[in-house]
Amino acid sequence: MEPSILLVDDEVNVLRSLRRVLQRAGFKVSVAESGPEALEYLKTSDVSIIVTDYRMPDMTGADLLREVKIHWPEIINIVLSGHADFNSVVELLNQGLAIKFLQKPWNENELITTIQQAQQLYCKRIAQHERDQLLLGSVTALIEIDENGKINRFNAPAQSLFSGLYSFVDDYIINIDAQPNKDDLTAFLSNKTNMLFIARKCAESEKEYEFILERYWSDDFCQLLKLSVNPSKSSDKFLIESFGDFLIKEPAFYQQLNEYEVENTSYTVIFIGIAKFELIADLLDYQSAYEFTHLLAKVLHNTFGEKVRMCQKHSNQFMLSVPHASNDATLLAALNKTMSLFSDAIPQRYKGMSLELYGVYGIFPEDVLSGKELINHLSLNMNYLAKKQQRFFTRFDAELVNDYRKNFELSRLLFKAIDNEEFSLYFQPKIDLKTHKVSGAEVLIRWYEPTKYGWVSPGLFIPISECDGQIIAISRFVISQSFKQLKQWNLQKVEVGKLAINLSARQIKEDPEWIDFMLESLNENNLSASNIQFELTETYLMDDLTKCQLQITRLRSLGFEVQIDDFGIGYSSLAYLSKLSIDGIKLDKELISGLDSSLEMQSMIRNIVRMSHDLNLKVIAEGVETAHECKLVERLGCDYIQGFYFSRPLPADKFYDYLINTNVRGDE
């Protein structure tokens with residue numbers, strides 16, 4: 001956003017002269033002739049800097065800046081007034097309401113320099129506000145460092161993950177590493193690498209952990225680093241001390257890759273590991289677990305030969321450098337051979353343990369990355385395979401790393417999306433199967449990110465916002481805008497029916513005042529609770545059934561309806577529904593998609609509908625896309641239907657047209 005200056009003075013000639021000077025210097029300038037006029041302007045416009053006179057009729061500069069401090073605390077304020085006002089302005093400066101006093105008549109160079117300094121301070125303040133939101137709202141472990149790599153602060157998840165982190169505040173991030181490497185830090189801070197690996201020994205258990213630091217957010221002043229534990233890093237007691245020339249230390253391994261690159265020699269780096277090694281090490285004695293790592297090293301040596309060099313990256317993971325890179329088929333054949341030889345070599349007494357290998361490889365120069373950067377990205381891929389419990393060999397997936405980066409960037413952009421008016425609401429009609437008319441709509445949020453990504457799928461940004469905390473502000477936005485839109489339709493004398501709004505589990509758990517906010521918004525728009533339905537997911541219900549019941553009871557006592565969304569994909573049990581005071585269930589679209597070809601699915605839905613009706617619950621079928629599906633769910637007894645067969649989600653004006661055509665003109 002381009003910084004904007006608001007000039008406030010009751011003398012028109014002063015405003016005209018100031019405006020001319022600042023516009024000539026390249027600034028975007030607006031003017032107001034009084035404090036009240038300035039406040040009205042601020043309600044509808046973005047302003048970075050205010051330059052105000054002190055003595056003005058109706059409202060003094062001091063009164064104006066006090067109001068600005070309350071409602072727009074990020075704005076930078078400067079007082080431009082006569083010398084006689086100096087003592088009064090000093091008090092404003094001491095209170096932090098203004099950063100500087102400039103005297104009339106002003107010095108043009110001093111004025112422009114002060115405005116430039118104010119711009120820098122504004123950008124710094126906005127950047128810090130965004131970092132504050134991330135640190136407070138994110139469940140991701142985050143550490144803030146300055147441009148020199150010193151730790152400023154961190155959030156609670158980071159402290160939980162890395163005990164004793166508080167003792168490193170104002171210290172360099174590299175100093176938390178048991179084996180610091182300044183070259184690695186320099187490369188990381190200069191954006192030459194995207195990750196920094198840090199080893200740290202736990203004082204209580206003497207166990208060494210490896211942490212991964214990834215660049216999560218950066219601005220002109222600081223960086224936020226994502227902190228995570230490398231799940232593959234285990235105790236050094238399983239590291240192999242010697243295996244001839246085949247096994248080398250990590251620095252020598254990187255040096256080997258560098259020599260290949262200097263000689264223009266292609267090469268492959270292979271990461272290979274033993275699945276669930278931590279569990280195996282816990283179940284077996286030390287010697288047995290060590291035998292497996294030594295056995296894998298032996299098998300790799302026999303498979304790849306003398307020209308290959310190997311490094312034991314972690315207890316259960318090895319890296320191999322293979323000169324003169326082969327094609328995918330040859331590499332996969334060698335890796336599958338490794339798997340077979342490893343299985344055959346496992347002692348008979350451990351055959352039933354289902355020991356498996358997994359791995360990933362990258363080829364230089366085909367995969368663009370080289371050396372340590374390639375290894376860092378391979379490590380990310382290995383962590384992904386371990387987390388997903390996938391047991392196969394695959395080539396390095398650059399898209400996986402890109403997805404990480406994209407998610408990080410989308411998370412950052414989400415914090416600005418509401419202020420930048422990038423969200424919009426869509427409405428998908430719900431059809432009453434008895435009347436075949438619109439009985440209401442589900443409210444759905446859409447995001448258009450204008451700088452890079454365009455339309456972003458809710459399936460992508462909603463989980464990100466749930467994780468990083470933006471969902472609370474987004475949920476409030478949906479409630480507020482839905483109520484405003486419903487009020488507009490009411491003024492147009494249009495019977496919309498009930499609006500169904502999705503509730504976020506995190507909003508309910510972490511925003512204790514959301515119901516009060518919602519009720520205030522309801523009253524402001526002269527709406528009745530009977531116009532609103534709230535939808536909760538089945539998964540959230542089962543996380544804390546007792547607490548959820550209290551929330552539902554309060555909402556229904558206020559006159560709102562409550563429904564269970566996505567029913568049938570989680571616990572698929574009606575037993576708990578009898579314990580909840582709800583009004584209906586919405587069948588998940590996955591149940592509907594295979595309905596026409598599955599008699600078993602039809603029978604299941606028929607029983608769900610029958611039992612729901614016995615509990616006086618309405619049943620909504622979601623995701624109906626064909627005429628045949630529509631007839632089936634109607635025959636099976638569903639009460640309402642929602643899906644593309646009738647209408648896609650529509651913006652407000654298109655939904656209004658659909659409603660009129662279906663409900664009003666359909667009767668004519």
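**Stop 1: D53**

Select D53 and show its neighbours: leaving out residues up to four places away in sequence, D53 touches V8, D9, D10, G61, L80, S81 and K104. Bear in mind that this is a predicted model. D53 sits in the loop that runs between β3 (49-52) and α3 (61-71). Is D53 buried or exposed? Its relative accessibility is 5%, and because buried means under 20%, D53 counts as buried. In UniProt, an unreviewed entry lists D53 under "modified residue: 4-aspartylphosphate".

**Stop 2: the largest pocket**

To centre the view, select I126, H129, F415, K416 and D419, which are the closest to the pocket centre among the 40 lining residues. Then colour α2 (35-44), α5 (108-137), β9 (208-218), α13 (398-417) and α15 (471-491), the elements that each give two or more residues to this lining. Which element gives the most to the lining? It is α5, with ten residues. Colouring the lining of the largest pocket by residue class shows 19 nonpolar, ten polar and eleven charged residues.

**Stop 3: the whole chain**

Zoom out and switch to a cartoon: the chain has 23 helices and 25 strands. Of its 668 residues, 51% count as buried. Among contacts with a separation of 6 or more, 66% join residues 24 or more positions apart. With the surface on again, the chain exposes about 31600 Å², of which carbon and sulfur atoms supply 48%.

Conventions
Residues are numbered from 1 along each chain as its sequence is written. This is a predicted model: local features need pLDDT of at least 70, side-chain atom pairs count only at pLDDT 80 or more; totals for chains, interfaces and linings use all residues. Side-chain values use heavy atoms; hydrogens and water are left out. UniProt positions are given in the numbering used here, feature names are shortened, and annotations may be inferred rather than shown by experiment. Helices (H or I, at least four residues) and strands (E, at least two) are DSSP runs, numbered from the N terminus. Buried means under 20% relative accessible area, exposed over 50%, partly exposed in between (1.4 Å probe, protein chains only). Contact means heavy atoms within 4.5 Å. On a 1 Å grid over the protein atoms alone, a cavity is a set of points where a 1.4 Å probe fits but cannot get out, and a pocket is an open set with protein on both sides within 12 Å along at least five of seven lines; lining residues have an atom within 4 Å of a point. Ala, Val, Leu, Ile, Met, Phe, Trp, Tyr, Cys and Pro count as nonpolar, Asp, Glu, Lys and Arg as charged, and the others, Gly among them, as polar. Accessible areas come from the Shrake-Rupley method with a 1.4 Å probe; for residues, only the protein chains shown count as cover.
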